[in-house]
Amino acid sequence: MTIRVLIADDQELVRTGFQMILDAQPDMEVVATAANGAEAVEHARRLRPDVCLLDIRMPKLDGLEATRLLAGPGTRDPMRVVIVTTFDLDEYVYGALRAGATGFLLKDSGPTLLIEAIRAAAAGDALVSPSVTVRLLEHLARPRHGGGRPPNEPLTEREFDVVRLVARGRTNQEIAAELFVSLSTVKTHLGSIQAKLGARNRVEVAAWAWESGVVS
């Protein structure tokens, strides 16, 4: 199966570089590129790519608003958006995750992580790299006054175990190995956790964990 990707960045050099990397992969195809957020939204709605790779700072419409339009709460058939950013823009990353992004990576992460990020998003896995995920989420989601919102139903001890590992950037396979359970069991726990937290994806589960002080 070919992963169809849209690339949006206001720097032509970045767009060209990303496209060369992705088009060289046997399982990926860049179906469109955009120089601003408005173009990105238009192309995405028309072409329905599997993954939208969006920069934060773009003219006409920034990456946050584009993400909200493509994947935000209330969006019909939300798309999978991966935000590309730098650590200096971490507050924008947090806003993007809240707007519906399914993952993020740093612009200087290199080709390997870029490819990993897109494959992970296409597979429904949001947290790409533990080193990136933990550093950013820990920085962005310090426990706040009052903590995160309470779950709709109490989480079980095993669900808390899964939440902690999700927040530390573990993949489903890694969680299964660490907890000595099957992959299907992990997916069942994640589905229950997301329902209880009202979270749309594992990024929101991780953000809740950091906000609530479940991990520190």
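Predicted model: local features only at pLDDT ≥ 70, side-chain atom pairs only at ≥ 80, totals over all residues.
Q: What makes D55 count as buried or exposed?
A: Buried means under 20% relative accessible area. D55 comes in at 6%, so it's buried.

Q: Where does D55 sit, and what does UniProt say about D55?
A: D55 lies in strand β3, residues 51-55. The unreviewed UniProt entry carries the annotation "modified residue: 4-aspartylphosphate" covering D55.

Q: Why is H189 called buried?
A: H189 has a relative accessible area of 18%. The cut-off is under 20%, so H189 makes it into the buried class.

Q: Which residues is H189 in contact with, and which helix holds H189?
A: H189 belongs to helix α9, residues 183-197. Setting aside neighbours within four places in sequence, H189 is in contact with R158, E159 and V162.

Q: How do you know what to call the angle between α1 and α5?
A: The axes of α1 (residues 12-23) and α5 (residues 111-122) come within 10 Å and cross at roughly 70°. Angles of 65 to 115 degrees count as roughly perpendicular, so that's the label for α1 and α5. As for handedness, α1 passes α5 in a right-handed crossing.

Q: Which residues meet where α1 and α5 are in contact, and how many are nonpolar, polar or charged?
A: From α1 you get F18, I21 and L22, meeting P111, L114, I115 and I118 of α5.

Definitions and conventions:
Residues numbered from 1 in each chain as written. Heavy atoms only, no water. Helix = DSSP H or I, 4+ residues; strand = E, 2+ residues; numbered from the N terminus. Buried < 20%, exposed > 50% of the residue type's maximum accessible area, 1.4 Å probe, protein only. Contact = heavy atoms within 4.5 Å. UniProt positions renumbered as here; feature names shortened; annotations may be inferred. Axes fitted to C-alpha atoms, helices over the stretch in contact; angles between N-to-C directions. Parallel < 35°, antiparallel > 145°, perpendicular 65-115°, else oblique. Left-handed = near helix turned anticlockwise from the far one by under 90°.
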